[in-house]
Structure formats: structure tokens, C-alpha cells
Amino acid sequence: MDCPDCGDDRTRVVDTETSADGTAVRRRRECQRCSFRFTTYERPGWDSLQVKKRDGTIEPFDRSKLRAGVERAVEKRDVSDQRVTRLVDDIESTLQDRETRIVASSLIGEYVSDRLRDVDKVAYIRFVSVYKAFSEPAEFLRELDAVLDAELEDFEPATDDSQTHEPPSHDNT
């Protein structure tokens, strides 16, 4: 492993830790030339997982592309880096568990949009506006209305108990 600071290839592992779900190994390394410390992650190779793009081309799955898309959607939103990592890990795990090794990019987009809807509504709208490639403002407004309608359904206004319930009876018999 080359040092990202000086480029020397003499680095040593200082600490090793397995991720909570067991799908990755995190290693802290130190350059023996300049003493720069850095972190690397090891994940199983996914040589067999392929993504079929809208134009029909097939390319290897690229986790960094998935993460970049999510990061663009959550930019300047109150979504932590750890939350983004968990979301990407969840989607990657879901893809890995599928029987087929060729996955449509549209399916990956659906997975991302479903999870972003739960994480941050604005990030969700940002993502689907690119993913679904809205060509008309009306399409964007329909999606925004659907999100707002779902929010309103979750909202339950407080009721005044004195108007909805009969007063308690004081039957002393």
C-alpha cells in the first residue's frame, strides 16, 4: 500500500478492526518513511456484480459512484457521514443478496430513493429529480406533492379531549 502523502510503498498496519456487519476490514496504516498515518478499507471483490445502464451497456458495480450520488443528494443537509455510509452499506448488501449478478441501474436508483425518503425528504427530492430526469416542472411538482401528502398523512393534529369524550360519571351506587 503506497503512502498517500509521500508515495512510498513501505507502510505498516498499526491497527485492524472488522466492521460491525463483518463485510469490511478497516486498517490504520503508517508510512515508515514519513510517519503519515492513514486508513484503508478492505471489502470483498465484486467482480461478478454488474450494472446494466439505461443505454444497455454493462459495467462493473462501483461503490464510489453510489456513494457520490448519495453525497450529492445530502449535500448541505443534516445527514452525517456515518448515516451515508450505513445507507450505502445497506444498498450494497441488498444488491449482494440478490440471485442475479446483473442489476439494472434503475433498480439501484429505486433502492437509493426509497432509503433517502426515510433519511431526508429534501435529499430524496434532489436525488429523484436527477434519477428520474424530470423534463417538465409539472413532473417535479407531482413528486414534491407526493412527499408533502405523505408528510401530512403522518401528521395527527392534537384534539381537545373535553369535546370528544363524555365527562366521567360519578355513580356512587
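**Close-ups of a predicted model**

**View 1. Lysine 52 meets its partner across two strands.** In E5, isoleucine 58 is the bridge partner of lysine 52. Strand E4 (residues 50–52) pairs with E5 in the antiparallel sense over 3 bridges; strands count as paired if DSSP finds at least two bridges between them. Strands (E, at least two residues) and helices (H or I, at least four) are DSSP runs, numbered from the N terminus. Keep in mind that this is a predicted model: local features need pLDDT of at least 70, side-chain atom pairs count only at pLDDT 80 or more, and totals for chains, interfaces and linings use all residues. Residue numbers start from 1 along each chain as its sequence is written, and side-chain values use heavy atoms, with hydrogens and water left out.

**View 2. Here is the open sheet of 3 strands.** Its order is E5-E4-E6, with mixed pairing. Strand E5 (58–60) and strand E6 (102–104) are the edge strands, each pairing on one side only.

**View 3. Serine 35 sits in a loop between strands E2 and E3.** Its phi is near 70 degrees, a positive value in a residue other than glycine. Serine 35 counts as partly exposed because its relative accessibility is 47% (buried is under 20% relative accessible area, exposed over 50%, partly exposed in between, with a 1.4 Å probe and protein chains only).

**View 4. Lysine 76 lies in the loop between helix H1 (63–74) and helix H2 (81–96).** Phi is positive for lysine 76 too, near 60 degrees. With 77% relative accessibility, lysine 76 counts as exposed.
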